[in-house]
Amino acid sequence: MTTLSPPRRPVHPPPRYRRPLGLSRESWLQYTVLLLLAVLVLAPVVPTLYQSFLDRPLYEAGGVLGVDNYVRLFTEAGFGRVVLNTALFAGLTTVLSLLIAVPMAVVVVRTKLPGGRLFAAAMQWPFFISSLILGFGWITMYGPAGFVSVEVRRLLGFLPWNLYSIPGMALTEAVALAPIVYTFCANALRQSDASLEAAARVCGAGPLRILRSVVLPLLRPPVVYASILVISMSVETLSVPLLFGQPVGIDVFSTFLYRNGLQSINPDYGVLGAASAIILLVTVSLVALQAKLLKNAQRFVSVRGKATRPRPLDLGWLKWISVAAIALYVVMGALIPIGGLVFRSFTQVFTPLQSPFKTLTGDNYERIFTYPVYVQSIVNSLLVAAIGAVLVSVLSLLAVMVARRSDFRFHRAVEYLALAPQAMPGIIVGIGLFWALAFAPFGLGSLIQGTLWALIIGFGLRALPSGFGSIAPSVMQIGRELDNAARVSGADWVRTFTRILAALVRPAFAGALILTFVTLLKEYSPRCSSPRPTPTSSARPCSNCGCRATPAPWPRWPACRSPSRRPSSGSPDYFSRDVTRMPEVKVAHLSKQFGDNAVLRDISFTIADGEFFTLLGPSGCGKSTTLACIAGLERPTGGSISVGDATFVDAGTFVPPEGRNLGMVFQSYALWPHMTVAQNLAMPLKIRKVDRREQDTLITEALDKVGLAELKDRYPHQLSGGQQQRVALARALVYSPSVLLLDEPLSNLDAKLRDQARAWLKRLQTELGITTVYVTHDQDEALALSDRIAVMSRGDMVQIGTPTEIYETPATVEVAAFVGRCNFLPGVMTGPAEVRLDCTGQTITVPAGTAGTGTGVTVAVRPEQLEILPAGRSAAAGANVLTAEVLTSSYVGSRYEYDLRLGDHVIQAETTRPGLTGEVTLVAEPSACLLYPTTDALHEDVEALITITQ
């Protein structure tokens with residue numbers, strides 16, 4: 001048992017979090033987000049769906065429900081051709097957007113590109129241009145009578161393109177939407193782990209292979225989100241189909257609604273509702289497909305707690321092709337069309353038949369700034385876009401965190417609700433929200449209708465999927481261990497979000513702000529600037545829930561938590577317990593299942609005060625899951641866990657990790673990359689509201705103990721692997737936890753550094769006297785560090801004992817095989833203490849056992865217990881003597897290791913004798929021979945060890 005040091009200073013207890021009405025902060029926040037999204041989304045959806053089954057407009061009494069609207073839609077309205085055109089337009093737009101944006105995002109962010117920052121900005125600015133304006137610009141320059149078209153026709157004799165076609169419409173729309181795909185992919189690439197590419201380079205992959213095999217597959221989340229967003233935006237866009245398609249009779253969904261709705265003297269609201277319901281069904285199916293494609297999101301995690309340095313790839317001469325491609329997109333796709341429009345704004349007449357310089361004038365701008373209506377339109381546009389962008393981005397961030405970063409039982413519903421508005425065209429959203437405001441109870445709708453808030457809500461609802469899709473891919477790439485480190489340090493879900501995740505997704509949040517601002521700005525046309533919407537205006541009136549319940553600034557919102565992590569109402573007050581002494585850890589009958597797979601079965605052990613206890617076993621044995629259950633990061637299926645007098649897990653009780661006051665070092669270290677060393681250590685102290693002066697003292701003490709006081713102002717990526725490991729340990733110890741949990745903390749270090757760190761860790765644990773639970777698959781670590789070892793296999797606890805007991809008297813063949821090297825020789829009992837070996841037919845003496853004569857057994861002998869003598873040399877009386885043949889020898893510093901053939905088996909032996917060859921004599925004392933029953937069902941890893949090459 002470890003000798004304890006003098007009494008330590010009192011630990012800092014975990015923080016106490018308020019639980020209004022018995023619910024945790026995160027439960028309040030998560031349910032608030034769900035309710036807010038449900039009201040916002042269902043406000044336009046419910047009236048629209050109801051209208052689709054009603055035989056007359058909602059405002060007319062006496063309506064009868066039926067499916068006549070759907071029948072007329074497909075039989076009389078020509079909707080089949082509309083569906084086909086829409087599918088072709090949306091599909092081609094999406095493909096072209098991906099082909100333009102994804103390669104450019106990879107090249108700009110992950111390669112050494114001349115002028116990379118300039119091109120990064122240039123790739124995004126076309127998004128700031130409305131599709132309507134861009135469409136006018138393309139007609140001006142590339143239309144049949146455009147400036148560029150006239151010159152191309154003069155040179156070639158014909159015009160090789162046709163804007164007034166579905167491909168022409170798709171190309172124009174793709175130029176406008178490609179920046180969305182670029183933004184999604186660029187945000188994800190900037191956060192990705194450069195070591196993944198380095199690993200591919202080490203394997204011999206060139207830059208192009210790395211981009212194709214490593215970088216692009218990890219972009220599936222942003223590509224999927226962007227694709228679905230582009231599809232839905234293509235389905236509902238009106239400007240380009242109206243400009244290019246309507247003159248030649250190409251109808252898509254948006255122009256169908258426009259022609260049969262706003263342009264119609266007597267709109268058929270039933271058919272419009274039916275068409276909207278079908279598009280909603282299609283989009284819901286796309287979201288379901290998105291969920292399927294992004295299943296097992298762990299495949300796409302590339303931001304870990306272990307910091308890395310970015311290493312851009314060098315494309316060689318291909319970089320100039322990339323530069324040319326980006327320049328072509330920016331210049332031809334946006335710069336020339338917009339330049340033409342800007343030039344047009346200074347002319348009276350703009351035509352290839354006359355020089356525009358002859359009619360230059362500034363009267364067009366003078367009219368804008370001298371008419372109050374125009375000025376007010378601009379002011380209203382900026383107000384709606386600015387206020388809406390902030391509100392939508394914050395709501396999007398909260399929705400992403402609840403949907404993708406919590407155990408909230410309705411997290412999937414939150415994601416569906418956040419993405420649902422992309423299924424509703426703007427016209428239908430406006431009409432639906434108008435009805436929602438009109439029928440709002442207690443006259444609440446009248447407080448919003450006719451104000452800018454109605455437009456902010458309506459346009460913000462339309463922009464919500466863009467904000468969600470911009471942030472979600474970046475969140476999916478952040479490893480869960482960063483959350484877990486904060487939770488174990490004492491932060492609840494809300495504080496983990498505000499202190500850790502919010503900072504890590506700051507670039508994505510900034511991108512969402514820009515994206516939603518531009519989306520809102522482009523939605524708001526001058527003819528809709530008056531905040532007095534009507535049922536058929538294109539302004540989007542809205543439901544009343546978003547404005548009447550604006551909460552306090554978001555860090556103060558009440559929070560919510562998944563019931564799976566909430567203590568029952570009958571559980572003890574774990575935040576007020578005494579944590580000033582070093583308690584023992586008791587785990588009883590612990591079990592854990594993932595679906596039908598039982599990963600832990602009836603695990604029980606007790607760890608004494610100050611003991612260094614190691615969970616040892618091969619990968620997949622359940623040791624890390626056991627540690628996660630102790631930490632509170634996994635909820636066991638059954639059993640109990642207690643530390644001292646506090647029960648963490650029992651029937652009806654589950655204490656979340658922030659309430660356990662445990663310290664934990666993760667395998668990847670889980671250092672928060674946006675914080676310095678000192679800030680990483682200060683985080684758990686701030687959570688516990690420790691005085692600033694005491695914080696500085698505790699941080700200095702902790703860093704002194706790990707020898708890193710001079711590095712407190714560095715960031716994780718500026719540290720070596722060994723230094724990161726020590727910072728993680730200092731962070732786990734700075735608040736004096738009651739128990740220290742270590743999840744393979746030395747596995748990322750090289751061999752020599754690992755040996756040094758092992759010795760240093762043992763000295764530190766002895767000095768502190770802290771109860772420690774250590775997880776490793778390295779037997780040498782376990783033997784060197786531990787007071788006791790628990791060996792696990794396939795979810796079972798196989799043996800618990802001291803290092804000496806585990807090594808010298810392993811309880812099973814599996815333990816003998818896993819801990820240290822061992823030779824296994826099958827045989828048959830021929831007497832109470834005699835075994836005839838199958839491999840040679842010789843009989844050897846073994847310790848007397850319980851196996852009867854004729855029983856099959858396995859004899860296990862450690863290599864160092866075999867003495868090797870030159871052939872013919874005699875052995876001590878009573879020893880077992882076998883004849884073997886030397887196959888190979890290896891010098892490993894302090895000894896020689898020999899592979900020997902014994903009958904039809906190959907075994908290993910160790911000795912200080914050099915140069916042994918040919919036939920030799922093996923000597924083994926009977927006491928060195930371990931006897932086990934022959935087992936038919938062994939773990940495949942152990943089976944491989946037993947049946948060594950024959």
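In the predicted model, strand β10, which spans residues 788-793, pairs with β11 in the antiparallel sense over five bridges. Within this pairing, S793 stands opposite D796 of β11. Strands of a sheet pair through backbone hydrogen bonds, in either a parallel or an antiparallel arrangement. Both β10 and β11 belong to an open sheet of six strands, whose order is β7-β8-β9-β3-β10-β11. The pairing in this sheet is mixed. Its edges are formed by β7 (662-665) and β11 (796-801), each of which pairs on one side only. On average, and with direction ignored, neighbouring strands of the sheet are turned by 15 degrees against each other. Helix α28, residues 721-733, packs on this sheet and touches β7 as well as β8 (739-743). The direction of α28 makes about 175 degrees with that of β7.

Antiparallel pairing also occurs among strands β1, β4 and β5. Strand β1 (residues 585-594) is joined by five bridges to β4 (residues 638-643), and the two run antiparallel. One of the positions involved is V587, whose bridge partner in β4 is I641. Strand β4 is in turn joined to β5 (residues 646-650) by three bridges, again in the antiparallel sense. Here V643 has A646 of β5 as its bridge partner. The hairpin of β4 and β5 has two residues between the strands, and in this hairpin G644 takes a positive phi near 65 degrees.

Aromatic side chains were examined next. The count of aromatic pairs comes to 11. In one of them, Y142 and W161 are arranged edge-to-face, with 6.2 Å from centre to centre and 85 degrees between the planes. This pair links distant parts of the chain, as its members are 19 residues apart. Y142 lies in helix α5 (residues 131-142), whereas W161 lies in the loop between α6 (147-156) and α7 (166-191). The two residues can also be described by their accessibility. Y142 has a relative accessible area of 6% and is therefore buried, while W161, at 30%, counts as partly exposed.

A further pair is formed by Y891 and Y896. Their ring centres are 5.0 Å apart and their planes lie at 45 degrees, so this pair is classed as tilted. Y891 counts as exposed because its relative accessibility is 55%. Y896, with 22%, counts as partly exposed. Elsewhere, Y31, F408 and F410 are linked by ring pairs into a cluster.

R688 lies over the face of Y735, at 4.0 Å from the ring centre. In a second case, the charged end of R862 sits over the ring of Y807, and the distance to the ring centre is 4.1 Å.

The cysteines were considered with regard to covalent links. A disulfide is a covalent bond between the sulfur atoms of two cysteines. The structure holds zero disulfides. Among the cysteines, C621 is buried, with a relative accessible area of 1%. C839 is likewise buried, and its relative accessible area is 10%.

Two individual residues illustrate local surroundings. N680 is placed in helix α26, which covers residues 677-687. Its relative accessible area is 1%, so N680 is buried. When neighbours within four places in sequence are left aside, the residues in contact with N680 are L671, W672, M675, P716 and R731.

R913 is found in the loop between β19 (905-911) and β20 (919-924). With a relative accessible area of 29%, R913 is partly exposed. Leaving aside neighbours within four places in sequence, R913 is in contact with E867, I868, L869, P870, R873, Y896 and Y898.

Note on methods
Residues are numbered from 1 along each chain as its sequence is written. This is a predicted model: local features need pLDDT of at least 70, side-chain atom pairs count only at pLDDT 80 or more; totals for chains, interfaces and linings use all residues. Side-chain values use heavy atoms; hydrogens and water are left out. Two strands pair if DSSP finds at least two bridges between them. Helices (H or I, at least four residues) and strands (E, at least two) are DSSP runs, numbered from the N terminus. Axes are lines fitted to C-alpha atoms, for helices over the stretch in contact, and angles run from 0 to 180 degrees between N-to-C directions. Contact means heavy atoms within 4.5 Å. Rings of Phe, Tyr and Trp (its six-membered ring) pair if their centres lie within 6.5 Å; planes under 30 degrees apart count as stacked, over 60 as edge-to-face and the rest as tilted. Buried means under 20% relative accessible area, exposed over 50%, partly exposed in between (1.4 Å probe, protein chains only). A charge sits over a ring if NZ of Lys or CZ of Arg is within 6 Å of the ring centre and within 35 degrees of the ring normal. A disulfide is a pair of cysteine sulfur atoms within 2.5 Å.
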